Structure formats: structure tokens, C-alpha cells
Amino acid sequence: MICQNAITKKGLGESQIHLEQMILAIFIMNPIMLNQYIVNDNWFELGIHKIIYSALKQSVVDKHLDMYKVQELLEKANFDYFNKIMDSYVSSALLDKHLSELEENYKIRQTAIIMEQLSLHQIEYPTFLENIRQIEEQTQYIDTLVEPSPNDIFDEITLSNQSLIFNRLSNLNLLKLEKNTLNVIAARPSVGKSGLALNIFNDLASTNEYDCVYINMEMPDRDIYRRLVSMNTKIPMWHLEGLEKCSKAGALVMDCLLSFKDKDMKVISHPMDINSIGTVIRNEQKKGKHVIVFIDYLGYIKSSKESNDRERLGKICRDLQIMTKEYDCTIFLLAQINREGADNPTMNNLKDTGELEQSAHSVLLLSEIGNYDVNNDVQFIKLVTGKNRESIKNGKMIMKYHKKIQRFEVSTEEEAKNCTKEVKYEGC
């Protein structure tokens, strides 16, 4: 058993402990790397780190980590510490640098031991030289990364479950939005980007296939839940004010809220930075489902290192794109378009940073068509795929947006023709 105090009492330097924790966190989050790098567990100075590394090596099954096996191999206190290490994960980009440092520190420790043996006359000088030579021969870590076989490549490119599967919003299946991608939903203010994002969030959570998180950094928490309740119960948002639980409508609302508890869907309403978003994703991954994160919106993600907004937002976009691969998650990022893109937005109208176009796997551009029909509570929304690596660029579809209940629906062919001459969807 181990605790943080026990680590401190060992007298190990904080930098060495932190280095070993970073390496273990990378292996935990990227278990395929456990087979790509041959590392001697003795390079870890802290005993618990040796135990955890050994448990990881024994628990890799088909490029994935068998968490039940890890838990079985570790005592409870050690497994608690294992979870803390996992929460400290940042990036695997510097693994080679970290392993080189780990190796170098091990050499220094071993050399110090041999020099002490020589100074105490416990070994002769020729033995000293031989032992030093053996340290150099035995400590170089090996990168065993090999090219995938044709069979591995075939399995990867023919895999059929990589696209997100929509339920009520079935027309969005035509977009072939893939897992482990960064997807942008962009529009002018008040057009419906948050509304569409919440509908997608609600729809994907209802399939029970995904763990969905909505990070709301723009609206009050109650507004998000009002929207979700309205789109599910079809009770207009302003009718929710003053509603009593004992009324028929109140009971319907409570049933709706209770149904949220049965789904893996979570709303987080406060500003966050990249590291906080990463922590949220890692915590959700423990549930075992593919994590889908909605971020509302780009401009509110906190960062203080870059000198200007354009540089700051560009780095955030790059970090989010990397996160989709390293954290095995899918991200929907809301963004704004400039005034010139109000009627027919294009990729050139994306606001704040050009990195959105570069980093995103798909960019969905929204604009209103015609006037809002107050009597029928319908605003037709044109959705254009400004970018889509899995479908045809500039594909178009028409959707109905019921603003009073915040509900997006699939428009019929006839409805689409009545509001625009464009076809419902040109793509795929």
C-alpha cells in the first residue's frame, strides 16, 4: 500500500516522481505504446511505479487496457494512486524525451552505486569499468514501432462503426461524422448553433451508445435545461416559468428530468481551459463509452499564454484536434461567423481564427431561410457542409427549427422545396 506521504518520505526528488508519473499516464492513456516501447521497470525509482508499469504490461489486450485486470493486479490503495496518475495525463508528444530522461537518471543512479563500491574497495577497477559498460548496454530503451500489416490496414479502413449514429435526427447520418474528430458548428448569433448542438447532444445521448457532455460557457445553467426540457416535452420555454410539480405539465417535466438521469449526459456550466476540458473527458472515459463533448463556444475557452486572441484561439483549436486522438473522444465546437456570412456563409466567414478550417474534420455552417413563421413556430435552417472529409464539400440540407420549443426536426422534401430551390442534401 502507498500514499503521497509515503512517496515524500522516500526522499525522491519531485522532478523524478513527476517524470515517472507522466510516463505512466501516457502508457495508461495510450496502451498501444506499451508494446511499441521496451522499458525496463527498474528504471522507475519509486517502487509503486514499478508495480504499476508491470501491471500495465500484463493488462494490454488487443491494443487496449483491461482495467479489470489492472485492478486485480493492484491493491486498492495502489489502484487509487493509479487513478490519480491517470488524471494527470496531458500529452504523449514528449514520450521519447521523457523516456530518455528516465534512462539517463537510471544510469546516474547505477553509476553512483558502482562508484561507491569502488571507493569502498568492494570491487576492483577492471570490474568497475565492466559494470559501467554493462549499464550503457542494458539501459537503452527500444522503440519497437513497426509498419502495420496489410491485414491491419484492411481492418482499419473497412471498420463500419466509426461514424456517429443519430436517432431522431436521422438525416444527419448522411454527413458521416466520424468518431475521434473535431467538428465545428458555426453561425451568426441567434441563428441556432446552440439549439442544433443541444439537439445533437440530446439525440446522441438518447441512443445510449455514447457518453455526452455539454460544456456551457455562455448561458445560465437553467437556460440549458429549459431548452432540453422543451425540446423533449414540446412545452414552450416560457410556459415552464411558475409551473407546479403537481400539474400535468409539471409531471411531464419531472419525467423528462428523471429520464436524463438514465442517460449518460452531463451539463457543465462554467468557464474552462484546455486542461480542465481534458480532465472532464478522462473522468468520463471511466464509464467505458465513447465520449462526445460539446463546447459552447470557442471564444470562451480560457487561456493566458498567447499574446493575442487569434494566436490563443488557434492554439486551442490545435489542442482540441489533438485531444480527439489522444483521448479517444469526439468534439463538437461552436464558433461564430462574421457579418458577411449572414445569408450564405462559407469557410471564409469563420470568425476569430483560420485554424478552425485547418483543424476541423467537418464544419457545419448554418443560416436562416425565409422569415420565421410565428403561427407555426417554424424557422427553416440551411445547413451547409463547408468542410467534410468523409462527404462532399458544400453538401446542403434543410432543417426545421421550432424556436419556442428549441427543437430541430428533419424537413420533408416538399417543405424543403417550398422554402428553397436547393435540394435537401447534395452529398455523400
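**Close-up views**

**View 1. Asp377 sits in the loop between strand S10 (362-373) and strand S11 (378-388).** Helices (H or I, at least four residues) and strands (E, at least two) are DSSP runs, numbered from the N terminus. The model is predicted: local features need pLDDT of at least 70, side-chain atom pairs count only at pLDDT 80 or more, and totals for chains, interfaces and linings use all residues. Residues are numbered from 1 along each chain as its sequence is written, and side-chain values use heavy atoms, with hydrogens and water left out. Asp377 is not a glycine, yet its phi is positive, near 50°. Asp377 is buried, at 9% relative accessibility. Buried means under 20% relative accessible area, exposed over 50%, and partly exposed in between (1.4 Å probe, protein chains only).

**View 2. Asp328 lies in the loop between H14 and strand S9 (329-336).** Its phi is also positive, about 50°, and Asp328 is not a glycine. Asp328 is partly exposed, at 42% relative accessibility.

**View 3. Asp296 and Tyr297 are joined by a cis peptide bond.** Omega is about 0°. Tyr297 belongs to the loop between strand S8 (290-296) and helix H14 (309-326).

**View 4. Glu284 forms salt bridges with Lys266 and with Lys287.** A salt bridge is a side-chain nitrogen of Lys or Arg within 4 Å of a carboxyl oxygen of Asp or Glu. The N to O distance is 2.5 Å for Glu284 and Lys266. That pair links distant parts of the chain: Glu284 is in helix H13 (residues 274-285), Lys266 in strand S7 (residues 265-268), 18 residues apart. For Lys287 and Glu284 the distance is 3.0 Å, N to O. Glu284 is buried, with a relative accessible area of 2%. Lys266 is partly exposed at 34%, and Lys287 is partly exposed at 45%.

**View 5. Arg109 and Glu45 pair through their side chains in a salt bridge.** The distance is 3.6 Å, N to O. The two residues are 64 residues apart, with Arg109 in helix H7 (residues 95-119) and Glu45 in the loop between strand S1 (37-38) and helix H4 (47-58). Glu45 is partly exposed, with a relative accessible area of 31%. The count for the model comes to 15 salt bridges.

**View 6. H10 and H11 pack at an angle of about 65°.** Their axes are 10 Å apart. Axes are lines fitted to C-alpha atoms, for helices over the stretch in contact, and angles run from 0 to 180 degrees between N-to-C directions. Ser194, Gly195, Leu198, Asn199, Phe201 and Asn202 in H10 meet Ile224, Arg227, Leu228, Met231 and Asn232 in H11. Contact means heavy atoms within 4.5 Å.

**View 7. Helix H11 (residues 221-233) has 13 residues.** Buried residues of H11 are Ile224, Arg227, Leu228, Val229, Ser230, Met231 and Thr233. Their cover includes helix H10 (193-206), strand S6 (210-216), helix H12 (248-261), S7 and strand S13 (407-410). Lys234 follows H11, with a positive phi near 65°. Asp223, Arg226 and Glu241 are linked in a network of salt bridges.

Terms used:
The expected span of a helix is 1.5 Å times one less than its number of residues.
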